[in-house]
Amino acid sequence: MSQAVVDETKYQPELTVFDEFADEYGPEKVVYVYEPRCELKGIVVIDNAAIGPGIGGIRMTPTVNTEEVFRLARAMTWKNALAGIPHGGGKSGIIADPRKITMEQKEVLIRQFARAIEGLHQYIPGPDMGTDETCMAWVRDEIRRSVGLSSVLGGIPLDQVGATGYGLAVCGEIAQEFCDLDLKGARVSMQGFGNVGQHAARYLVERGSILTVATDIDGTVHNEDGLDIEELVRCMHEGKGVTGYADATKLGRDDFIDIDCDIFVPAAQPDVITGENAHRVSCKVILQGANIPCTAGAEKILHDRGILSVPDFVANAGGVICGSVEYHGGTKNQAFTEIAEKMRENTRAVLTKARIDGVLPRDAALELARERVKEAMSYRRSN
Ligand code: NAD
């Protein structure tokens, strides 16, 4: 019988996760899950659980890899610490294309993955790209541990209630105190009109703002007199997209960037504002609804141009605050009260520190988050 030859180079790329990224904060655990019978390949990263078990989504895409999961887990460490919830950062990925498998195959993958991570008590799964509340219900059924559940299972469906959009509007209330902005009458440009964008628009309009620009994957609509949100939502539900809206000028998808507004909310994709186009943005405030919608270079240019940009992990924390309240048995009303309290407190703390230290809001936010994580780590057994 011939001896199996182990190709050691095959494992080299994964080792670089520790070589390149490990630092004093983590990652605490990187776990690979493999089940050949259903072709399950999964990755879990628990980055830092000093404050509490890490909450973070399960991402299902064909390209998700260890580095991506690590970066996302680290982002959750900072977001959760800054949000002031009793949770650390974690994230996971299942390598599969949700558009190319049946619901039955998806259920098998999710259930198998859930059973494999049952013993990882420092990780609480939630929904992310490619997974939703049905997936979270399967996870809960297997291991009694997940967030982002439907209300029938005692959950608070955060996309339905608009937790992240609500948080963005509250963030806007505080941002007013730090720049020449009044939410009343402020013109809002919303790039991305999905779960986050629709609710952020609603809650900003409730505060007196006017939605003048809406963009989705197919195009942009613009009307300085205001767009009717319910009509736009109807267009989305009917599959026409925002450009199905009648009473507006129709433009190309990327044309939103040249339209003057007061509040710009990127709520779609990463890397929308870059070093190449940041000089074209004309607004007073950016509330980052999407994750990493502005590159580091773009944030510096915006800052130098006097545009206040509230970073993603501060501005879009409403969803994870809602997930934390759900996990601890709270109601929707309690979640909204907590989102309002925490978003006000944290946005104000970050923007005050940025102003006093003369640094970018992102740098101020990172420093505050690191301080909180470090303090929690100081209570750990040292030997
Ligand atoms: P979604 O899929 O419901 O909506 C995305 C919207 O963006 C859609 O309207 C889509 O047409 C549009 N879009 C996609 N590509 C585009 C492009 N290139 N140009 C313009 N528009 C484009 O997603 P969502 O849940 O609203 O999430 C949006 C972003 O916010 C994501 O980056 C997500 O990671 C982030 N986020 C979401 C939550 C949440 O609670 N759902 C919380 C924190 C962060």
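This is a predicted model: local features need pLDDT of at least 70, side-chain atom pairs count only at pLDDT 80 or more; totals for chains, interfaces and linings use all residues.
The whole structure was searched for salt bridges, and 32 were found. One of them joins Arg74 to Asp23. Their closest N and O atoms are 2.8 Å apart. Arg74 belongs to helix α2, which spans residues 66–83. Asp23 sits in the loop between α1 (12–21) and β1 (29–35). The pair therefore ties together parts that are 51 residues apart in sequence. The two partners fall into separate accessibility classes. Arg74 counts as buried, because its relative accessibility of 11% is under the 20% limit. Asp23 has a relative accessible area of 37% and is partly exposed.

A salt bridge also forms between Glu68 and Arg59. Here the closest N and O atoms are 2.9 Å apart. Glu68 is partly exposed, at a relative accessible area of 24%. Arg59 is buried, with a relative accessibility of 11%.

In another salt bridge, the side chains of Glu173 and Arg344 meet at an N to O distance of 3.1 Å. This pair links distant parts of the chain, 171 residues apart. Glu173 is in helix α6 (residues 163–175), and Arg344 is in helix α12 (residues 332–357). Glu173 is buried, with 18% relative accessible area. Arg344 is partly exposed, with 32%. Salt bridges also join into a network, whose members are Glu107, Arg111, Arg115, Asp141 and Glu142.

The ligand was examined next. Around the ligand lie 21 residues. Asp159, Thr164, Phe193, Asn195 and Val196 come nearest. By residue class, the shell divides into 8 nonpolar, 10 polar and 3 charged. Three elements, α5 (158–161), α7 (195–206) and β7 (210–216), each supply at least two residues of this shell.

A polar backbone atom of Asp216 is 3.5 Å from a ligand nitrogen. A polar backbone atom of Ile217 is 3.1 Å from a ligand oxygen. For Ala268, a backbone N or O atom lies 3.1 Å from an oxygen atom of the ligand. On its own, the ligand has 830 Å² of accessible area, and the protein covers 75% of this.

The structure holds 6 aromatic pairs. In one of them, the ring centres of Phe21 and Phe70 are 5.2 Å apart. Their planes meet at 25°, so the pair is stacked; the limit for stacking is under 30 degrees. Phe21 lies in helix α1 and Phe70 in helix α2. The pair therefore ties together parts that are 49 residues apart in sequence. Both Phe21 and Phe70 are buried.

Tyr166 and Tyr203 have their ring centres 5.1 Å apart. The planes stand at 70°, so this pair is edge-to-face; that class begins over 60 degrees. Tyr166 is part of helix α6 and Tyr203 part of helix α7, so the contact ties together parts that are 37 residues apart in sequence. Tyr166 is buried, with a relative accessible area of 13%. Tyr203 also counts as buried, at 15% relative accessibility. Together with Phe336, Tyr166 and Tyr203 form one aromatic cluster.

Conventions
Residues are numbered from 1 along each chain as its sequence is written. Side-chain values use heavy atoms; hydrogens and water are left out. A salt bridge is a side-chain nitrogen of Lys or Arg within 4 Å of a carboxyl oxygen of Asp or Glu. Helices (H or I, at least four residues) and strands (E, at least two) are DSSP runs, numbered from the N terminus. Buried means under 20% relative accessible area, exposed over 50%, partly exposed in between (1.4 Å probe, protein chains only). A residue is near a molecule or strand if one of its heavy atoms lies within 4 Å of it. A polar contact is a pair of N or O atoms within 3.5 Å; within protein, one must be able to donate a hydrogen and the other to accept it, and residues adjacent in sequence count only if both atoms are side-chain atoms. Accessible areas come from the Shrake-Rupley method with a 1.4 Å probe; for residues, only the protein chains shown count as cover. Ala, Val, Leu, Ile, Met, Phe, Trp, Tyr, Cys and Pro count as nonpolar, Asp, Glu, Lys and Arg as charged, and the others, Gly among them, as polar. Rings of Phe, Tyr and Trp (its six-membered ring) pair if their centres lie within 6.5 Å; planes under 30 degrees apart count as stacked, over 60 as edge-to-face and the rest as tilted.
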